[in-house]
Amino acid sequence: MATTKEISIGDTGARASEGEGELSGETMMINVGPSHPTTHGVLRLKMELDGDIIKKCEPVIGYLHRGAEKIAENMTYNQFVPYTDRLDYIAPLSNNVAYAMAVEKLANLEVPERCQAIRVLCCELARVSSHLLGVGVYGMDAGAWTVFMYTFTEREKLYTLFEELTGARFTTSYTRIGGVARDIPEGWLGRVLDFCKGVLPVLDQVDKLLTRNRIFMDRTVGIGTISKEDALAYGITGPNLRACGIDHDLRKDKPYLGYEKYDFDVPIGTTGDCYDRYLMRAEEIRQSVAIIRQCIDQFPEGSYYAEDAKKIFAPQKAKVLTSMEELIQNFMITTEGPQIPAGEVYFEAENPKGVLGFFINSRGGGVPNRLKIRGPSFCNLSILDKLIPGHYLTDITVILGSLDFVMGECDR
Amino acid sequence: MTNSDLALIKERFETLTERESSDHVALNCPVDVFVELCTALRDEFGYDMLVDVTALDNDVQSPRFTGIYHFLSISKHEYLRVAVDCANDIEPTLPTLAGLYASANWHERETYDMMGIRYEGHPDMKRILMWDDYPYHPLRKDFPLAGIEVPLPADDVAEVTGASVLPAPMMGGPFVSSADGPMSQTEPSAHDESWNEKKIKPCGN
């Protein structure tokens, strides 16, 4: 025979208020990462919680430190190009370009127009690739899975283009000091235009899914607000800086690679919260597409490397096999490295994540005496101990996602 | 930096000298006026961002360590490099800029970690990339590229396994070919016995 048992739940609200006195005043330590999906890599946060509210946050970094700067001191300039892929591994092409330009600045070397145009394409495609992931994953961080599927499909097409151009999908290592590894393949520009045509409707879809989405806005508007003063003091750069309302984009302010020839807008935010940072990235993709189209429209003919830089850029293979002078030149560049004069140079490029800087101290020859990499994510993350306290634990995901950092260039 | 600004700064800080540079304006600054100079740069000359802090190890020369700072003026779009020599070659120190620019906090921790320069007055002078009780400063010129064997940072794991942090294999590692012998024998692919010129590479059906 079945028996019935009666359970009384009572008034839960009353019970909770009874125990209130016992709960307050005590804080709890909580540890997020280093291996946690929220941290997009290996970032660790040590936090002190009062209930659901974060009182203190200490970021711990260094889990991906590989000693890139030490390695750079022990190899020739060209050999270091593959290591730059592993800084911001979401947009390796733009790192390649930034590094090559820093060394060329030290050598006082101008690359031909065609090479510059190829590099602009590389940078902007890398920006689209990085922001597509940034926006897609951000949707996922805030609980909207669908967006990621849309943007990642587009990103896959980009990888096919990168593979065609460089031979590799992720680790492109495309630039050389004084040029790029090879010219663009036949018909590639047309396929880039096709991609541009396809990505804009997807952005509209993303817009419809996220920009006025009630849940997304509730989670991001007014969360993680960075003031202008803080942004400057902490050295925040890139879309994160512009979201705070500061008009600073090196492509406009200190044009390199002939960016002054292109007509594009730099989106500027108003409040500097998570929502603004999302808007910056979404708009920057559109502007990058505009730059890519203009660039392809007026794509210059000519050489893809600096032909007169005999001691810097290795000669063409066909000539190496037939001409004595080129053979010697090739041998010297391969064994000794490109010959760069002594001096000091600091070059910054506007990368998708922020400003990537290279400081090079050279005593002449093929190997730098000191190479310092200024990773934008390193600076962008240094504000965490000020930014996070006062927020709820659930906001961590949203704030970290909105900063769009990569641990590869933070830890180097 | 405009010429008038530069003249103004040099007039006020007489001990400043111009530093050789391939790009931006660069200044050599003695340690004693460094913080004063940076305060003036931030408050009067509009250098509102400290973009990078690093240091040079001059190896056998003295002074051995030189702190390198890069400032940026957002309004004027100008960079400025300031170099400061550390007086002490054995235990180098520099004054901290963490009170002026918040970004200096992490940058100086990194320079301390990598170069071993202590920043006096820094609120949290500890390592940032390496673990806390790591004994060396890897970017110094006398530190070998491969690294030096040190105890494992996790005591409980080390106790059970007896493992330690080993230097990287520079010669004789699985992907490094040794210098002696013909390449057909020393190249890493020679160790792969699954296929070679005499034995055809096995392929799937």
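Author: What follows sets computed values against the definitions of the terms used for them. This is a predicted model, in which local features need pLDDT of at least 70 and side-chain atom pairs count only at pLDDT 80 or more, while totals for chains, interfaces and linings use all residues. Residues are numbered from 1 along each chain as its sequence is written, and chains are lettered from A and ligands numbered from 1 in the order in which they are written.

Reader: Why is Ala168(B) called exposed?

Author: A residue is buried if 20 or more other C-beta atoms, placed from the backbone, lie within 10 Å of its own, exposed if 12 or fewer, and partly exposed in between. Ala168(B) has 11 other C-beta atoms within 10 Å, and therefore counts as exposed. Ala168(B) sits in the loop between strand 9 (164-165) and helix 5 (183-186) of chain B, where helices (H or I, at least four residues) and strands (E, at least two) are DSSP runs numbered from the N terminus.

Reader: What is Ala168(B) in contact with, leaving aside its neighbours within four places in sequence?

Author: Two residues are in contact if their C-beta atoms, placed from the backbone, lie within 7 Å, and by that rule Ala168(B) is in contact with Ala146(B) and Gly147(B).

Reader: What makes helix 5 of chain A oblique to helix 6 of chain A?

Author: Helix 5 (residues 92-107) and helix 6 (residues 113-141) of chain A pack at an angle of about 140°, with their axes 7 Å apart. Axes are lines fitted to C-alpha atoms, for helices over the stretch in contact, and angles run from 0 to 180 degrees between N-to-C directions. Angles under 35 degrees count as roughly parallel, over 145 as roughly antiparallel, 65 to 115 as roughly perpendicular and the rest as oblique, so helix 5 of chain A is oblique to helix 6 of chain A.

Reader: How far does helix 13 of chain A reach?

Author: Helix 13 (residues 274-297) of chain A reaches 35 Å from its first C-alpha to its last, close to the expected 34 Å, the expected span being 1.5 Å times one less than the number of residues.

Reader: How many residues of chain B are in contact with chain A?

Author: There are 29 residues of chain B in contact with 31 residues of chain A, and strand 3 of chain B supplies the largest share of the chain B side, 6 residues.
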